[in-house]
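Me: I'd like to go through this model with you, starting with the ligand and then moving on to a sheet. Can you take me through it?

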Amino acid sequence: MNGRPDPLAALAERHRRRAELGLARALSPLAWLDATRVRRNGRELLCAAGNDYLGLAADPALRAAFSAAAAARAGSSASPLVCGHGEAPHELALALAEWLGYPRVLLFASGYQCALAVIPALIGRGGLCLLDRLCHASLIDGARLSGARLLRYRHGDPEHARSLLAAHPGQPALIVSDAVFSMDGDEAPLAALAALAAEEGALLLIDDAHGLGVLGPEGRGSVAAAGLSAREVPLLIGTFGKAFGLCGAFLAGPEAVIEALLSEARGLIYSTAPPPALAEALRAALALVRAGDARRAHLERLIARFRAGAEALSIPLLPSRTPIQPVLIGDTSRALAVSARLEARGFLVPAIRPPTVPSGTARLRVSLSAAHRSEEVDALLAALAESLAEREAEV
Ligand SMILES: *Cc1c(COP(=O)(O)O)cnc(C)c1O
């Protein structure tokens, strides 16, 4: 023995403690039966857990575009900067820029990778990175990697961000926020953040993973829905894992930023480009998103129906007009128990626990999709009410 502590023993001990607190995670395989139904552990479930807000993940047009392109070639063979940047991703980036009204778009393999590649290029040691308290993990990790001083402002509170900036004058600053908060469903005050950034000479980076495709005219997202544009929100992250029904992400921004990122974004430079078929499927998805008013209108009706029904049944919701409709539970083990009861009733609704959400705010993250039917929303509400009541009776 050389007296060194065993890193694996430390890992196992952390895991044991998490398990004790009901905070350990597990992978559970499932099979998709159609757009919204899955089979897991031999039981058929209605999925109200995914982020496929427009119901595109199983759409025939996307599947056809994917398979046709995959029939020609499966892999990209290299990083985009070597020989992995095909014509399909090139056309996709041009179409996204035109759709959103941004000068340039740069594609990434995932939103997580995009945040880690982009934030350290925008700000670094000696700078400030201001994040909303409830920012997505990818933005926090990108900020940490940047080496900038990380300051968290109170959720949805630009005035708190302003006072943090005032306390650190003379330093370059980047303000970062989700547009729609992934575990709460509420929206950032984009206009106020844009005004603050302009007044303070700070950069503003907005991550619209959950607004893109869902909000605004043609589904152009939170920025367009707020009546803003590339002028007020110059740097925008979008992802394809949610309303686009696929995976991947992009940064939209000024020409000069994108050009410089091609030499600085390590997550882009040192990582293999996604299969070319993904870009073809994404082009098909973009066409459906743009023409998706009927899907968005149906989704909006489902959201209104869910909220009205929940209110009638005294189910505690958070303030959200997006497809993310969390039911606040509080206690972690109770959230797990109610989720299990819902599963027994045929509904897949995950319990979201710390550290994904702040301690004491465990919740059931209900998410709605345009692929859901009104009757399914009604059935989900009934099952929710029963599952919540059943648990109350026991404790
Ligand atoms: C899902 C999500 C991401 C990560 O995107 P991936 O493409 O899934 O890696 C980033 N930001 C927010 C706000 C998200 O909800």
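**Ligand shell and a sheet**

Reply: The residues of the shell around the ligand divide into 2 nonpolar, 8 polar and 3 charged, where Ala, Val, Leu, Ile, Met, Phe, Trp, Tyr, Cys and Pro count as nonpolar, Asp, Glu, Lys and Arg as charged, and the others, Gly among them, as polar. This is a predicted model, in which local features need pLDDT of at least 70 and side-chain atom pairs count only at pLDDT 80 or more, while totals for chains, interfaces and linings use all residues. Residues are numbered from 1 along each chain as its sequence is written, and side-chain values use heavy atoms, with hydrogens and water left out.

Me: Which polar backbone atom is 2.9 Å from a ligand oxygen?

Reply: That backbone atom belongs to tyrosine 112, and the pair is a polar contact (N or O atoms within 3.5 Å). In the side chain of histidine 210, an N or O atom is 2.5 Å from an oxygen atom of the ligand.

Me: Switching to the open sheet of 3 strands, what is the order?

Reply: The order is 11-14-13, with antiparallel pairing; strands are DSSP runs of E, at least two residues, numbered from the N terminus, and two of them pair if DSSP finds at least two bridges between them.

Me: And why is one side of strand 11 left without a neighbour in the sheet?

Reply: Strand 11 (324-330) stands at an edge with a single partner strand, and so does strand 13 (351-352), so one side of each has no neighbour in the sheet. Strand 11 pairs with strand 14 (residues 362-367) over 6 bridges in the antiparallel sense, and isoleucine 324 has serine 367 in strand 14 as its bridge partner.

Note on methods:
Polar contact = N/O pair within 3.5 Å; in protein donor to acceptor, adjacent residues only side chain to side chain. Helix = DSSP H or I, 4+ residues; strand = E, 2+ residues; numbered from the N terminus.
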